[in-house]
Amino acid sequence: MKKLSLRSIFILTIPTLVWVIGLLFSNVWWQENILSVTAIPFLFYCLALIFTLFLRNTLQFTFCLPFIFLWGYIHPLDNSKSLSQCPQTLKVFQYNLRYENPSLDPLFYYLQQYPQHLLVFQETTPEHGSKLKEALRTQYPYQFGGQPRVGYPSGQLVLSQHPLFNMKTIATQAGHQIIHGIWHPPTHDPIELYTAHPPSPRNEQLWAERNALLKTLNHLVEDYIGTDNASSAQLIVGDFNLSSTSERYQTLFSGFNSQPVSSWPNWSGLRQYLTISIDHLWAHYPLEICKRKALINIAGSDHRPIVTYLTMQK
């Protein structure tokens, strides 16, 4: 049997050490973006495992396995489930449409077959918005976005089967819009609703603007949740352009629960282990997440739509 040398141990261990330390302490935009893609170390260890098989080194093969399981466990899957029972289920559908989406027909077909209670869209063009509002007006009569002097705040559109109250927008210093209001499904307590779509951190300026919006929203939620007017049931939905494996994600919205699922990119044939979770939903007790699932059969966008099943605890 071949030995496991110190050099082999170093080569196989150092990527995980570098990645973990980088995730904890990185505050540079491009480093945070790269380190958030856990598919990179996962693929490294997959290739290392294949190489050890080729060398017929049983010890190196065995040494690789825990790292593969570790990075596979950290990585979000297509589905996440926490509650086996979900009474009086509320279904929230969120979807980044993509501004260049050539056709909404697959989306319309899905919504006709599987009705939802709340729809939250990002990257909504005026053309997309007009089509969605007109086609879904009967089923989703409560709408925010597309009205005069409102437009589509940061490309967002909210459609609901149930009443939406006191809907308004809150702008960051860079002009990015947060939507805040009350969503009140019948037989449930009113739910404080927040939606947002910060910019993609493609450069340092956009990275800073994204972080500023996250900070603003985090403070807004923390300040409002303790007031007399606030409902204890809180819901935060959107494409946040922030990987669930980043350290920044872990610091957001204390007391809320979230279940990341793989949502981007939605490329044909791309397995879930090569995607990341950036389309998020947070819920605050008594509102709880039963399960979330990413849909892979709706084409047109580089994001996967996500359906979240919620329940209100008594």
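This is a predicted model: local features need pLDDT of at least 70, side-chain atom pairs count only at pLDDT 80 or more; totals for chains, interfaces and linings use all residues.
Across the interface of domain 1 and domain 2, the rule finds 6 residue pairs in polar contact, with both residues at pLDDT 80 or more.

Next, colour the two domains separately, taking residues 6-72 as domain 1 and residues 79-312 as domain 2, as the domain assignment gives them. Their C-alpha centres lie 33 Å apart, and 14 residues of domain 1 are in contact with 14 residues of domain 2. Between them the two domains bury about 1,200 Å², of which 60% is on carbon and sulfur atoms. On the side of domain 1, select Trp29, Glu32 and Ser36, which lose the most area to domain 2 and together account for 44% of what that side buries.

The rule finds 2 salt bridges across the interface of domain 1 and domain 2.

Now select residues 9-28 and then residues 34-54, the two stretches that an unreviewed UniProt entry annotates as "transmembrane region". In the model, residues 9-28 are 85% helix and 0% strand, with the end C-alpha atoms 29 Å apart. Residues 34-54 are 86% helix and 0% strand, and here the end C-alpha atoms lie 29 Å apart.

Move on to His188, which sits in the loop between strand S7 (177-183) and strand S8 (191-196). His188 counts as buried because its relative accessible area is 9%, under the 20% cut-off. A polar atom of the His188 side chain lies 3.0 Å from the backbone oxygen of Pro186, and the backbone oxygen of Gln88 lies 3.3 Å from a polar atom of that side chain. Leaving aside neighbours within four places in sequence, the contacts of His188 are Gln88, Leu90 and Met312.

Finish at Gln177, whose place is in strand S7. With a relative accessibility of 18%, Gln177 is also classed as buried, and its side chain is joined to that of Thr169 by a polar contact of 3.2 Å. Beyond its neighbours within four places in sequence, Gln177 is in contact with several residues, including Pro153, Ser154, Thr169, Thr195 and Ala196.

Key: Residues are numbered from 1 along each chain as its sequence is written. Side-chain values use heavy atoms; hydrogens and water are left out. UniProt positions are given in the numbering used here, feature names are shortened, and annotations may be inferred rather than shown by experiment. Helices (H or I, at least four residues) and strands (E, at least two) are DSSP runs, numbered from the N terminus. Buried means under 20% relative accessible area, exposed over 50%, partly exposed in between (1.4 Å probe, protein chains only). A polar contact is a pair of N or O atoms within 3.5 Å; within protein, one must be able to donate a hydrogen and the other to accept it, and residues adjacent in sequence count only if both atoms are side-chain atoms. Contact means heavy atoms within 4.5 Å. Domain bounds come from an automatic or database domain assignment. Buried area is the accessible area (1.4 Å probe) that two parts lose on being put together, summed over both. A salt bridge is a side-chain nitrogen of Lys or Arg within 4 Å of a carboxyl oxygen of Asp or Glu.
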